[in-house]
Amino acid sequence: MENTRQFFDGWLQSQGRILEGIMDMTRKYQESFRFPGAAGGVMPPLGGFPDGYASWLSAIQKALLGTGAGDSDLVRETLSKTLSSSNAYQMLYEMWNPLFKAIQEKTFSPDSYMDMIDPKKYKEALDRVFGFDPEIVSQGAMQASKLFEALTGSAQEFMKPWVEASMKNVKTIPLLMEGKPNAYMQAYNNLFNAFDSTFGRVFHVPPVGKDREKVKMLLGSFDDLSVYLAKYTEYQHTMYVTGLAALEKVIASVTEKCNKGEDPKCFDEFFDLWVDVSEDTYYHLFQSAAFSKLQGELLEAALNVRGHNFKLMELYLYDYPIALRSEMDDLYKTVYDLKKRLKSLEGQPGEVAA
Amino acid sequence: MNTTYTANAFSNFVKELGDVSTKLVKGAEVLTKFDDIDVGTAPKELVYEEDKLQLYHYTQEGPVTCTTPVLIVYALVNRQYMLDLQPDKSVVRNLLQHGHDLYIIDWGYPTKADMYTSLDDYINGYLHNCVNLVRKRSGKDKINLMGICQGGTFCAIYSALYPEKVKNLMTLVAPFDFSTNDGLLFNWSKNMNVDAMVDTYRIVPGDFLNAGYLMLMPFTLNLRKYVDMLDVIEDKHKLLNFLRMEKWIFDSPGQAGECLRQFLKDLYQENKLVKGELKVGDKTVNLKNITMPLLNIYAIADHLVPPSATKPLNDLVGSTDKALYEFKGGHIGVFVGTKSQKELAPAISKWLHERDGNGALSGRVEDKKPEESLENATRETPRPQSGGAGRKSKRR
């Protein structure tokens with residue numbers, strides 16, 4: 001088929017046939033893993049390949065991990081890791097398919113690939129690899145949001161930096177629309193700077209009154225959290241930009257192979273290529289002094305949040321009849337010193353009796 | 001133009017999905033047949049306990065042909081059963097078959113009660129007591145030390161502090177020169193706020209360290225490994241070996257805060273060991289005090305402890321009988337690879353047997369360089385660490 005239209009029609013028809021096949025196959029699988037809650041014990045009808053895959057994954061997970069044979073921790077742990085990996089594998093496939101189609105139709109250019117991929121899917125795949133937890137960031141953002149609400153009434157004069165940030169961000173909208181990752185980072189930085197120079201200053205206000213120590217610590221914990229969120233965003237941004245750079249390399253490599261007539265024969269070949277190229281690209285990032293510094297700063301910011309939390313907990317729990325962390329530390333130190341002294345007095349301990 | 005590719009790719013993916021489903025179902029059935037993942041199965045006897053530490057003596061069923069006992073000292077990170085992970089690929093069983101008398105330290109799992117346990121406690125306390133006990137049991141003034149990874153660093157420090165108690169020193173994939181940036185861990189640790197980490201955690205969790213290890217090869221270790229697992233999931237024997245490795249990788253004790261603080265700050269960040277500035281307790285460590293025979297083993301593709309961190313030891317010690325052994329593999333391949341069983345363990349055994357007399361090397365030409373006493377010993381410069389190329393999923 002030399003003609004592109006012919007190819008496209010053929011491709012559509014074959015995809016349709018395959019979809020029918022997979023629907024049929026999925027239904028058969030679902031019959032093996034009956035859902036007690038669903039009508040007739042079988043999953044409801046499906047729509048499209050991704051739904052089919054999701055249902056398949058869900059069916060497998062529920063059937064194997066829920067009850068019966070899959071009850072042991074070993075089975076659960078092993079299969080959950082495998083299923084999680086295969087899910088990332090499928091996300092990569094969904095992202096990759098239109099790219100390859102474009103390469104085949106010769107509508108692809110290195111500048112246009114960003115229009116074809118769904119960054120959300122790529123982000124999800126990278127999230128699975130790096131174990132990022134967007135939940136943590138969301139929680140932090142929600143806490144900050146609640147704080148904004150509480151402070152808004154008395155912070156009218158603080159609006160100027162926000163207006164300036166908004167003006168700057170308006171200029172980045174065209175780049176945002178194009179999905180340029182640096183534009184997102186710039187917009188985030190503008191907002192964070194506005195936050196830091198307005199509400200952020202509240203965190204450093206010297207508190208007064210009976211509970212000043214608690215208030216100071218509470219404000220300090222918000223400050224730590226905002227620093228952590230900023231650093232975490234910078235870290236994730238670095239990861240995604242590197243991921244996209246890796247993707248460009250993968251695409252260049254596949255295009256070159258296609259032009260030579262050595263295109264990958266199955267998805268696994270593409271997957272291996274993607275893993276190898278990504279691994280090398282990230283290795284060069286990880287090896288850099290800048291990344292080491294950023295990672296060190298992120299760790300320190302996270303530890304500050306955690307450490308601050310522990311201190312706050314101690315303050316709140318002080319009146320309860322429980323041993324606090326610092327008190328246990330003292331106890332451990334005493335036990336350690338006593339044991340050491342005892343050992344020096346006893347000399348070499350004896351063998352275990354047979 | 002290959003016009004059928006996309007359709008074929010989709011078709012292949014559908015087929016793969018079907019294959020995966022079948023494998024998962026069959027694999028789940030195989031998985032439920034395992035009661036436990038058995039590791040460290042070579043017979044042994046507990047001979048000494050101190051706090052969380054346990055010292056084991058392996059049961060030698062054959063004749064002991066090398067009279068000086070060997071004390072194996074593993075790292076505090078992960079567990080010592082790596083040396084006996086599976087019966088058919090066990091350095092321990094291999095050395096037992098070669099007539100060695102083996103002891104091994106199990107450092108245990110520190111809890112918050114151990115947060116003040118220091119490097120001084122580990123070396124001048126626990127390790128020193130174990131050495132003395134093995135000396136007493138064997139009736140020997142000196143014993144052989146075999147240190148693995150961080151345990152190798154411990155053994156070198158111990159040998160410098162107590163040279164009169166060590167007959168031969170063997171170090172495997174152990175770091176000594178921490179100034180290198182070849183390994184990511186060495187690069188990353190330079191910017192780590194160690195005090196904040198230890199003060200926050202007290203006992204730094206194994207999971208925290210594992211997150212760092214997984215980051216060394218994130219795509220391979222988080223993704224490809226489990227996709228590849230499907231290829232062996234129906235084969236009970238291969239799956240069991242995969243699960244043994246998986247168990248070992250994530251069986252990571254927490255790290256006693258004070259010890260980790262000094263190890264990271266004095267060694268990783270300030271490289272005090274090679275500078276002769278390291279103090280353990282009230283003793284300063286001078287590597288020139290290591291005068292006993294030294295066998296220093298490094299792995300050419302080691303991404304955790306690169307050769308550039310291991311090799312300098314031989315230039316820093318006072319020993320005249322010293323050898324470098326280049327293992328053609330990675331950090332873990334040293335213990336579980338086929339080459340490890342066929343080449344490395346027999347070479348270690350030979351080296352020890354040659355030095356089992358009263359100080360003199362048996363069967364050795366007087367003017368032969370020490371390095372030449374090992375068939376595979378080399379002073380060649382290894383190729384630079386490539387980072388990603390050729391790395392396999394089961395390496396750590």
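**View 1. Leu71(B) stands opposite Tyr103(B) in β4(B).** The model is predicted: local features need pLDDT of at least 70, side-chain atom pairs count only at pLDDT 80 or more, and totals for chains, interfaces and linings use all residues. Residues are numbered from 1 along each chain as its sequence is written, while chains are lettered from A and ligands numbered from 1 in the order written. Strand β3 (residues 70-73) of chain B runs parallel to strand β4 (residues 102-106) of chain B, and 3 bridges join them. Strands are DSSP runs of E, at least two residues; helices are runs of H or I, at least four; both are numbered from the N terminus.

**View 2. An open sheet of 8 strands in chain B has mixed pairing.** Its order is β1-β2-β4-β3-β5-β6-β11-β12. Two strands pair if DSSP finds at least two bridges between them. The edge strands, β1 (44-50) and β12 (322-327) of chain B, each pair on one side only.

**View 3. Helices α10 (residues 212-259) and α12 (residues 289-317) of chain A cross at roughly 155°.** Their axes come within 9 Å. Axes are lines fitted to C-alpha atoms, for helices over the stretch in contact (C-beta atoms, placed from the backbone, within 7 Å). Angles run from 0 to 180 degrees between N-to-C directions. α10(A) and α12(A) are therefore roughly antiparallel to each other (angles over 145 degrees). The contact residues divide into 15 nonpolar (Ala, Val, Leu, Ile, Met, Phe, Trp, Tyr, Cys and Pro), 6 charged (Asp, Glu, Lys and Arg) and 6 polar (the others, Gly among them).

Definitions and conventions. Parallel < 35°, antiparallel > 145°, perpendicular 65-115°, else oblique.
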